Amino acid sequence: MKALVLSGGGAKGAYQVGVLRKWLHEEKNEYDILCGVSVGALNTSFLAQYGPGFAGTSYADLKELWDGIDTCRVYRKWPFFGEMAALWKPAVYDSSPLQTMVRTRLDPERLKASGKKLRVGAVDLESGEYRLFAEDYRHIQEAVLASSAFPAMLLPIWMEASRWTDGGVRTVTPIRAAVDLGATEIDCVLCAAKEQSATLPKKMNALWVAERSIDLMGDQIVADDFEAACKTNKLVMAGMKLPWWTVEKREIKMRLVRPEYSVGASLDFSPDKIRGMMDRGYEDAQHPTDGL
């Protein structure tokens, strides 16, 4: 079984769309399993609405969605006091535009009928529990929104009598979920760059520091997730005996695309930046690594 795993990264989800131009539009790869957190949950859930034989169509529709995205269609400032309203609001920004888009464009019945296995991860703010939600979950739209609720910046989602937020708080690349579902091949896109340096703005403020800090923490989780998966794969290939709690003992073919340098800020959804990230993703997709 073949799986697509997409990491978190906010606006950097556009980089994933560029990679998918190669994998879906040109190569026509068919994925049985789609797993994602944060913006990866958004992208995988939209793709999972399409059954076998519609790889190119799924990409075209996802790209059309991203072509129409700008900041005001994802979040907006609160009408009174702007970002200062975060002192009594549950988030710095009002992400109701994103909520409207997901509830309009994501069809739960199509998800269940497509035959694809979907897993999106979110975190319960009260208990700290990280949980995966499947394509047949009765509130799958809310689960996808919860997974994509960028911590502190976008609104957490009320679900199952609790508030849920970005699954990237606990794991950024749900590779283990794909393995547990029986994947023998995994195509993975990480939005976190290998080189973590960034240009400091001339006028730094607390919002920039918070966004940058969350990015850096997420990047480390990305690195840890993928390194653990690759180490396990190497042990399996070497015939080593693994502990009982690790994955099933089978070799998994892994293909990875990841930017060398930062592709942009997680909350910058300006159209020119979106187009640039798509172009970078497509360019990097020409030279994937085997994840080993």
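Colleague: Why is Phe 81 called exposed?

Modeller: The relative accessible area of Phe 81 is 62%. Exposed means over 50%, buried means under 20%, and partly exposed is in between (1.4 Å probe, protein chains only). Phe 81 is therefore exposed, as 62% is over 50%. This is a predicted model, where local features need pLDDT of at least 70 and side-chain atom pairs count only at pLDDT 80 or more, while totals for chains, interfaces and linings use all residues. Residues are numbered from 1 along each chain as its sequence is written, and side-chain values use heavy atoms, with hydrogens and water left out.

Colleague: How many aromatic pairs does the structure hold, and how do Tyr 75 and Phe 269 pair?

Modeller: There are five aromatic pairs. Tyr 75 and Phe 269 are edge-to-face, at 6.3 Å centre to centre and 75° between the planes. Tyr 75 is in the loop between α3 (55-67) and α4 (96-105), and Phe 269 is in the loop between β8 (253-257) and α9 (271-285), so the pair ties together parts 194 residues apart in sequence. Helices (H or I, at least four residues) and strands (E, at least two) are DSSP runs, numbered from the N terminus. Tyr 75 and Phe 269 are both buried, and ring pairs link these two and Tyr 93 into a cluster.

Colleague: What makes Lys 89 a charge over the ring of Trp 78?

Modeller: The charged end of Lys 89 is 4.5 Å from the ring centre. The rule asks for NZ of Lys or CZ of Arg within 6 Å of the ring centre and within 35 degrees of the ring normal. Arg 110 likewise lies over the face of Tyr 50, at 4.7 Å from the ring centre.

Colleague: Why does Arg 119 count as buried?

Modeller: Its relative accessibility is 19%, and therefore under the 20% limit. Arg 119 lies in strand β3 (residues 117-124). Leaving aside neighbours within four places in sequence, its contacts (heavy atoms within 4.5 Å) include Leu 34, Phe 133, Glu 135 and Leu 181.

Colleague: What makes helix α6 (residues 140-147) mostly covered?

Modeller: Eight of its eight residues are buried, among them Ile 140, Val 144 and Ser 147.

Colleague: How much of the protein is made up of buried residues?

Modeller: Buried residues make up 54% of the 292 residues. The secondary structure comes to nine helices and eight strands.

Conventions. Rings of Phe, Tyr and Trp (its six-membered ring) pair if their centres lie within 6.5 Å; planes under 30 degrees apart count as stacked, over 60 as edge-to-face and the rest as tilted.
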